[in-house]
Amino acid sequence: MVRIRGYRRPDPGTQPPHFHPPYVSSIKRAPTKPLVTIPQTLSEITGPVFGPQAVEPKACDLTSQHAGSPLGQRIIVSGRVLDEDNRPLANMLIEIWQANAAGRYLHTVDQHGAPLDPNFTGCGHTITDAEGRYRFVSIRPGAYPWRNHHNAWRPAHIHFSLFGPAFATRLVTQMYFPGDALLPFDPIFNCIADEKARSRLISLFDWETTIPESALGYKFDIILRGREATPMES
Amino acid sequence: MPTPATTSQTVGPFFSIGLNRLRANNLAGPGVSGERLTIEGKVLDGDGQPVPDAMIEIWQANAHGKYAHPEDTQEKPLEQSFYGYGRVPTDDHGRFRFTTIKPGSVPGPAGKPQAPHLVVSIFMRGLMKRLVTRIYFPDEAANDSDFVLSLVEPARRPTLIAKKVQERDAVLQWNVVLQGSEETVFFDC
């Protein structure tokens with residue numbers, strides 16, 4: 001017998017459906033049959049956890065990966081990784097990727113007219129400290145045109161990928177910037193009806209982490225699934 | 001007051017720039033115990049077209065049925081050179097392939113052992129959140145009494161069981177079919 005302490009199911013309305021027709025790519029890719037609900041077992045409450053040995057300390061600074069500095073507004077993105085009960089999650093790997101200041105990704109599929117920046121790759125990673133804190137240095141990504149609908153533009157965003165403590169807590173999300181005029185029109189940001197949950201995807205401008213004459217600070221906390229109160233025998 | 005978990009968002013079309021570093025299509029280096037297998041397949045969309053921009057992540061126990069994770073408290077051996085994690089993107093033709101060992105059995109609900117399986121996350125442009133599924137193994141008597149498989153209607157169970165490939169030893173085929181009559185079973189866990 002093993003005692004399993006599972007992870008809570010999401011609050012209704014806070015996680016998107018797979019089928020979301022305004023996001024056209026979902027139409028041929030989302031499952032059409034209902035998901036089969038299964039109990040969490042040892043397979044789901046364990047998972048890959050990459051500790052400090054998997055991290056290159058310099059990888060949290062996306063502005064110092066090349067000979068010169070990238071173009072664009074320098075930013076500090078920082079925050080905490082917490083569970084739903086506001087407990088900090090230490091030693092959690094965070095991987096990020098983003099477009100450059102002109103809105104172009106360093107990817108062969110992205111061939112739109114904006115220029116590449118020889119001093120910007122657009123990917124980084126770091127790990128949370130004992131209090132669940134993380135910090136990236138980057139540049140503010142530009143808006144990105146896509147072909148989902150006529151004149152479609154993605155609001156500026158940074159992709160975040162986290163494993164959390166278990167297979168059950170795996171999360172990939174996107175961080176947005178406050179006051180972005182494109183947010184109301186973006187079918188990805190607007191994938192859920194819950195306005196509060198949506199607003200938690202928008203970082204907060206932060207004076208405390210803003211560095212004079214250097215970089216603007218943005219705060220973005222990431223919440224992973226919390227644990228069930230009582231363990232089950234398994 | 002609890003705060004609900006952050007809303008999932010799609011990985012989009014360009015995830016490879018951020019998620020390349022942990023790519024691993026060989027989970028079992030030299031000296032790892034267990035039956036060595038290559039699992040290959042395709043990811044297919046609702047038109048039967050290959051999905052060239054998907055990423056598959058695998059998590060599994062070692063051949064003894066032990067996960068390399070602090071919450072696996074079973075008294076079974078860990079193996080230094082086996083972690084159990086894989087990350088494999090699809091190629092331009094929607095194909096993926098990885099090599100691993102067949103895991104041992106791990107405990108399941110009500111203390112009953114589960115049939116050997118891998119747990120799988122699938123990410124791609126077009127999906128606002130991951131898909132979760134499992135890969136089971138062919139000719140495995142324990143499949144008949146597996147708790148998770150028993151929750152799936154019998155006609156759909158074969159989508160979760162990798163198939164032997166004729167005249168190719170140690171190769172199994174397992175496709176991800178996103179829609180239609182052969183649609184893979186996806187889980188909510």
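This is a predicted model: local features need pLDDT of at least 70, side-chain atom pairs count only at pLDDT 80 or more; totals for chains, interfaces and linings use all residues.
For the complex, the predictor gives an ipTM of 0.97 and a pTM of 0.97. In chain B the average pLDDT is 96, and 100% of the residues score at least 70.

Now the contact between the chains. On the chain B side, 59 residues are in contact with 70 residues of chain A. Which elements of chain B each supply at least two residues to that side? They are helix 1, residues 16-19, then strand 5, and strand 10, residues 187-188. Strand 5 of chain B gives the largest share, five residues. As for composition, the side of chain B that touches chain A has 29 nonpolar, 20 polar and 10 charged residues.

Next, the core. The largest nonpolar core holds 102 residues, and the members touching the most others are A:L162 and B:F123. Here strand 5 of chain B, residues 117-124, comes up again, with the largest share of this core at six residues. In general, nonpolar side chains in soluble globular proteins tend to be buried together.

Take A:L162 on its own. What is A:L162 in contact with, once its neighbours within four places in sequence are left aside? The list is A:V81, A:M92, A:I94, A:L171, A:I222 and A:L224.

Last, chain B as a whole. Chain B has two helices and 10 strands. Reading from the N terminus, the order of elements is α-β-β-β-β-β-β-α-β-β-β-β. Of the contacts in chain B with a separation of 6 or more, 70% are between residues 24 or more positions apart. Buried residues account for 47% of the 189 residues in chain B.

On dimensions, the C-alpha trace of chain B spans about 55 × 40 × 35 Å along its principal axes. How does the radius of gyration of chain B, 17 Å, sit against that of a compact globule? A compact globule of 189 residues would have a radius of gyration near 16 Å, so the value for chain B agrees with that.

Terms used. Residues are numbered from 1 along each chain as its sequence is written. Chains are lettered from A and ligands numbered from 1 in the order in which they are written. pLDDT is the predictor's confidence in each residue, from 0 to 100. A nonpolar core is a set of buried Ala, Val, Leu, Ile, Met, Phe, Trp, Tyr and Cys residues joined through C-beta atoms within 7 Å. A residue is buried if 20 or more other C-beta atoms lie within 10 Å of its own, exposed if 12 or fewer, and partly exposed in between; C-beta atoms are placed from the backbone. Helices (H or I, at least four residues) and strands (E, at least two) are DSSP runs, numbered from the N terminus. Two residues are in contact if their C-beta atoms, placed from the backbone, lie within 7 Å. Ala, Val, Leu, Ile, Met, Phe, Trp, Tyr, Cys and Pro count as nonpolar, Asp, Glu, Lys and Arg as charged, and the others, Gly among them, as polar. The radius of gyration is taken over C-alpha atoms; the globule rule is 2.2 Å times the number of residues to the power 0.38.
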